[in-house]
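Hi everyone, thanks for coming.

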Amino acid sequence: MSTQSTPGIDDAGTIDHPSRSDGFVRGVSGVIGGPLGDHATALDRPAGREGRFWTAARIVLALACLTLALHWVQKSPCQDGGWQNNIQYTRFCYTDVLALYYAEGLNEGKVPYRDHPVEYPVLTGYFMGALGLPVHAVGADDPSVNQAQWFYNLNALVLGALAVATVAVLLSLRRRRPWDAAMFALAPALVLTATVNWDLLAIGLAAFGLLAWARQRPAVAGVLLGLAGAAKLWPLFLLGPILVLALRANRVRAALVATGTAVAAVVLVNLPAARAYPENWDRFFELNTTRPIDWGTLWYIGRYLDGKVGNDPTQLGPFEWLNANIPTLNNLSYALFAVACLGVAVLALRAPRRPRLGQLAFLVVAAFLIFSKVWSQQFVLWLLPLVVLARPKWGAFLAWQIAEVCYFVAFYGELLGAATSRPVFPEGVFVLAATLRLTTVVVLCVLVVKEILHPERDAVRATYADDPDGGVLDGAPDAPWLDRWRRPLKSEPSLEPVST
C-alpha cells in the first residue's frame with residue numbers, strides 16, 4: 001500500500017525527532033540522557049497537532065531570531081561607520097552594507113545605475129537605493145542622524161526578516177521534519193555573515209520560489225526564481241534541476257512554464273536600467289569578466305601551490321598563468337561548471353530512483369562555488385537552505401560549519417594583514433582554512449550523491465514517500481522512454497514510488 005501523501009499536504013505524519021533518526025544527534029544526546037523515549041507521546045503527535053504553544057516550528061523560529069540578534073550584536077562595533085584602527089577587521093564586523101553606502105554614492109543621494117554604476121545585479125541595486133535614498137533624505141534635513149548606522153540597521157531589519165521567512169519556508173516544506181530547519185536557524189555561518197552583503201535578499205526570494213514549485217504553482221515559482229536571479233545570479237541555476245527532473249518524470253510543461261516566467265521576470269527587471277543606463281548597468285558583468293583569482297578559491301589554493309612547487313622564479317606556474325590570462329581562466333571556470341552540471345544531469349536520469357529537487361539544487365550551486373574564481377565569505381549562505389533540503393544530517397553539516405568558521409577567522413586575519421602590511425598568520429594558514437572549507441563542501445556533495453545512488457539512506461525519504469519539494473514531480477512515475485534509454489547505475493530493483 002502506498003504511503004504517498006497528497007502533494008502540498010505534509011501534516012498527516014508524525015514529527016521526526018533527530019535524537020531518534022540522526023546517528024550523530026543520537027550519539028550526542030547521550031550527554032543529556034539519551035534519545036527521546038518511546039513514551040514521549042506528547043511529542044509524537046502529527047505535525048500541526050502538538051497541542052501546546054512551544055511547538056517544534058515555533059522553537060525553530062525563535063532560535064532563528066536569537067541567531068540574528070547575536071549577529072546584530074557581533075556587527076555592532078562597526079554600525080556607526082566610524083571605522084578607526086582597523087576595527088572592522090579586529091572585531092570581525094566588516095560589512096559591505098556600510099562600506100557601499102559610501103562607495104555607491106548613496107550618502108550623496110545618488111540613484112543606483114542612473115547616477116552611479118553598481119557592481120551587483122539590478123534587483124540588489126534597486127534594493128540598496130530603496131533603503132538608502134530615504135535614509136539620505138532624512139539625514140540631509142537632520143545632521144544629527146547617523147546615516148550609515150540608520151542604513152545598516154534598516155538593512156539588517158529587512159534582511160533578518162527575509163532570513164526568518166526562509167526558515168518559515170523550510171518549516172513549510174518539512175512539516176514532518178521541523179527540526180531540519182534548525183540547521184539553518186542555528187548555523188554559525190548565519191551568525192557571522194548574515195548582513196555582510198545582500199545575499200539574503202536572493203535567498204529569501206529563491207526559498208519562496210521553491211515553495212511555490214512545491215505547491216504546484218510553476219508560473220509563480222518561475223517569477224520568484226527570476227526575481228531572485230535578478231538579485232544574485234545563482235538562483236537561476238535551480239531551473240536546471242527542475243528541467244532535468246521534469247524530463248525524467250514527463251512533466252516538462254510545468255518546468256517550461258517555470259523557466260519561461262523566470263526569464264521574463266529577469267528581463268523585465270533588468271530592462272529599465274539596461275536601456276536607460278547601459279554602461280552603468282553593465283558594471284556587474286564587466287567586473288566579473290575582468291576580475292582575477294579571488295581569495296579562498298580553488299584557483300587561489302592552486303596559486304599558492306605554484307609558489308611551493310615551482311623552483312624557477314622566471315616561470316609562471318599554471319595557476320599564476322591563469323591569473324595573468326583572465327579570459328582563459330573564465331572559460332576554464334565556466335567549462336568545469338558546465339561539465340559538473342552535465343554530470344548532475346546524467347546522475348539525475350540514470351539514478352535508480354528519481355533524485356529529489358533539493359539534492360540536485362545543492363549539487364549544482366555547490367559546483368558553481370567550487371569552480372568559481374570568486375567565493376566571498378557570505379556565499380556560504382547560498383548553500384545553507386539547500387543543504388537542509390538535500391541532506392538534513394547534522395554530522396557532516398557541523399564539520400562544514402566548523403570549517404567555515406575557521407575560514408572566517410583566517411580571512412579576517414588576511415584582511416588585517418593586507419591593511420597593516422604586517423601578516424597576522426602565515427599565508428599557509430589561510431590556504432589551509434580555504435582548503436578545509438573546499439574539502440567539506442566536496443564531502444557534502446559526495447554524501448548527497450551516495451544518497452541519490454542509495455535512496456534507502458535518504459533521511460527525507462525515510463519520512464516522506466517521495467519528494468516533498470517536487471510539486472508536480474512528487475509521486476510521478478518515470479517517463480516511459482526512460483527505461484528503454486537508461487541502464488541503472490545499480491543492479492538493485494527500481495525503487496520508484498507507486499503513483500496515486
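Helices here are DSSP runs of H or I with at least four residues, numbered from the N terminus. Before we use that, some housekeeping: this is a predicted model, where local features need pLDDT of at least 70, side-chain atom pairs count only at pLDDT 80 or more, and totals for chains, interfaces and linings use all residues. Residues are numbered from 1 along each chain as its sequence is written, and side-chain values use heavy atoms, with hydrogens and water left out.

Okay, helix 7, residues 147-173. Its 27 residues should span 39 Å at 1.5 Å a residue, and the end C-alpha atoms are 39 Å apart, which agrees.

Next, the sulfurs. The link of Cys78 and Cys93 is right-handed, with 55 degrees about the S-S bond. Cys78 is in the loop between helix 3 (56-75) and helix 4 (87-90), and Cys93 is in the loop between helix 4 and helix 5 (96-103), so the pair ties together parts that are 15 residues apart in sequence. Are they buried or exposed? Both Cys78 and Cys93 are buried, meaning under 20% relative accessible area, with exposed being over 50% and partly exposed in between (1.4 Å probe, protein chains only).

Now, the rings. The whole structure has 27 aromatic pairs. Rings of Phe, Tyr and Trp (its six-membered ring) pair if their centres lie within 6.5 Å; planes under 30 degrees apart are stacked, over 60 edge-to-face, and the rest tilted. Take Trp295 and Phe430: their ring centres are 6.1 Å apart and their planes at 70 degrees, so the pair is edge-to-face. Trp295 sits in the loop between helix 15 (283-290) and helix 16 (298-309), while Phe430 is in helix 22 (residues 427-453), so this pair ties together parts 135 residues apart in sequence. Phe430 is buried at 0% relative accessible area, whereas Trp295 counts as partly exposed at 26%. Ring pairs link both of them into a cluster with others, including Tyr300 and Tyr407.

One last stop: the charged end of Arg437 sits over the ring of Tyr407, 3.8 Å from its centre. That label needs CZ of Arg or NZ of Lys within 6 Å of the ring centre and within 35 degrees of the ring normal. Arg437 also lies over the face of Trp375, at 4.0 Å from the ring centre.

How values were computed:
Helix = DSSP H or I, 4+ residues; strand = E, 2+ residues; numbered from the N terminus. Disulfide = S-S within 2.5 Å. Expected span 1.5 Å × (residues − 1).
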